[in-house]
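Here's a quick tour of a few spots worth a look in this model. Have the sequence and the coordinates open as you read.

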Amino acid sequence: MALKLYDSLAREQRPVAASHADGVFRFYNCGPTVYAPAHIGNFRTFVINDLIRRMLELQFGSAKVKHVRNLTDVDDKTIRRSREEKRPLAEVTKHWTDKFHADCGALNCLAPHVEPTATGHIREQVDMIDVLLQKGNAYRAADGSVYFKVNSFPNYGRLSRVKERELQLGSALVGKSQAADADEKEDGTDFALWKAWKPEDGDVKWDGPTGAGAGRPGWHIECSAMSKKHLGETIDLHTGAVDLLFPHHENEIAQSECCNGETFSRHWYHNEHLLVDGKKMSKSLGNLYTLDDIVAKGSSPTALRYALLSGHPRKQLNFTLDSLHSAEKALTTLRAYRAALPASGGSPDTFAPFFAALEDDLNTPAALGALFTIVNRGATGVDLPNFDRAIFALGLKLDTAAPEKAEAPAEVKALADKRWAAKQAKDFAAADALRKEIAAAGWSMLDRKDGYSLEKAKG
Ligand SMILES: [Zn+2]
């Protein structure tokens, strides 16, 4: 095994490597902001990162991979949500963290070894900001905020080539950030390390860095501080979706390298976005699907995972509901094939083309092609352990002994409650109409003496 990934900083495909003497591969992946359900575009990123995690485990051994993924549980969006719902910030973020974990579990994503939260690492962030102030890479503004001085770091822009882009766009980026912020920045490209408390922050505030006011950390510093705490000053691989490349990852590099004086990450990987029906996902277009939406349409989380893996991770993937039907068909084929496999007698060489494709910058379409070449050829030379090793890499749940237990979405549960009430009231016409509605949503309702259960309709 030798995984090669395109490195966004070196701008070439390179083998990943564990650079520390202990041989532990240090992997950091930017996590979600927990204020709403993650949508399937977010999950494309998390499923691709899970594929990376699995490939790393196959290469280095599961005990030699340390995977850290953070939770952003304080920022403008989480605070706004808590204010709108008149609930404490911690309650709102706990709710959405639990939902995120449930969705990740349904999609068979391995849990990271450490999942640090921004609010759990205020001290570490403040300490880092203090070092940046002492070293002259940061300054305090009159309102008590602290900013990173971008022109104090000569390598700024190496990852995103932002300086070249700025020249091309006629300094559009600088102009935009100056216009957007009527604050105390010395330069339009400087970014906040510490945000001074404002009345709309309510009771969300902590003691600030030396000489700064009470407030909260900026978004970028949390990843620098948490990766340092849990993985050390230099990590082996840092990943995220392309939209994090600038400014988030550029800023992480600036903060970490100025504070620590060490290379921050030896390898940077970015996956591309998901489109839905050829369009960017957005609330206004009504194409911003969550996992619950997909399940409500009658598809399984495993089919969604398969569909999300079907396109090359570094190319935009156009998701359609049809792709879920193809995914379900492919899974049915794989399950039937698996059920007929012998327990031993195969050769791992059979799967060499499959793994070669994954090692080649996660070429999932080629890997699935190689897998189905094996499947369509018949079972000679393939046994269960070798097949399951390939399926482990993809993270597909094929075990037919334990069928997926999907939880019915809220809309279906509401229909079921109504139908149960109608039946108790002996309004059988209404109950029958509701049963049809439930069936149309892809569920069947099983009545018992004392209640009902919902099962996903077959076929
Ligand atoms: Zn991050």
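Start in helix H8, which spans residues 245-260 and holds Pro 247. The peptide bond between Phe 246 and this proline is cis, with omega at about 0 degrees. Keep in mind that this is a predicted model.

Now for the metal. Which protein atoms are donors of the zinc ion? They are Cys 30 (SG), Cys 223 (SG), His 248 (NE2) and Glu 252 (OE), and they lie 2.1 to 2.5 Å from the ion. Along the chain, the donors follow the spacing C-x192-C-x24-H-x3-E. The two cysteines tie together distant parts of the chain: Cys 30 sits in the loop between strand E3 (25-29) and helix H1 (40-60), while Cys 223 is in helix H7 (residues 219-231), 193 residues apart.

What about the geometry? The four donor atoms subtend angles of 72 to 129 degrees around the zinc ion, so the arrangement counts as irregular. For reference, the ideal angle for four tetrahedral donors is 109.5 degrees.

Are the two cysteines buried or exposed? Cys 30 is buried, at 6% relative accessible area, and Cys 223 is buried as well, at 0%.

Leaving aside residues up to four places away in sequence, Asn 29 touches Phe 46, Asn 49, His 67, Val 68, Arg 69, Asn 70 and Thr 239.

Finally, two non-glycine residues with a positive phi. Asp 277 has a phi of about 50 degrees, and its place is the loop between strand E11 (274-276) and strand E12 (279-280). Leu 362 has a phi near 55 degrees and lies in the loop between helix H12 (352-359) and helix H13 (364-377). As for accessibility, Asp 277 is partly exposed, whereas Leu 362 is buried.

Here are the accessibility values for these residues.

| Residue | Relative accessibility | Class |
|---|---|---|
| Cys 30 | 6% | buried |
| Cys 223 | 0% | buried |
| Asp 277 | 47% | partly exposed |
| Leu 362 | 0% | buried |

Key. Residues numbered from 1 in each chain as written. Predicted model: local features only at pLDDT ≥ 70, side-chain atom pairs only at ≥ 80, totals over all residues. Heavy atoms only, no water. Helix = DSSP H or I, 4+ residues; strand = E, 2+ residues; numbered from the N terminus. Buried < 20%, exposed > 50% of the residue type's maximum accessible area, 1.4 Å probe, protein only. Donors = N, O, S within 2.8 Å, 3.2 Å for Na, K, Ca; no water. Tetrahedral: all angles 85-135°; square planar, octahedral: opposite > 155°, others 65-115°. Contact = heavy atoms within 4.5 Å.
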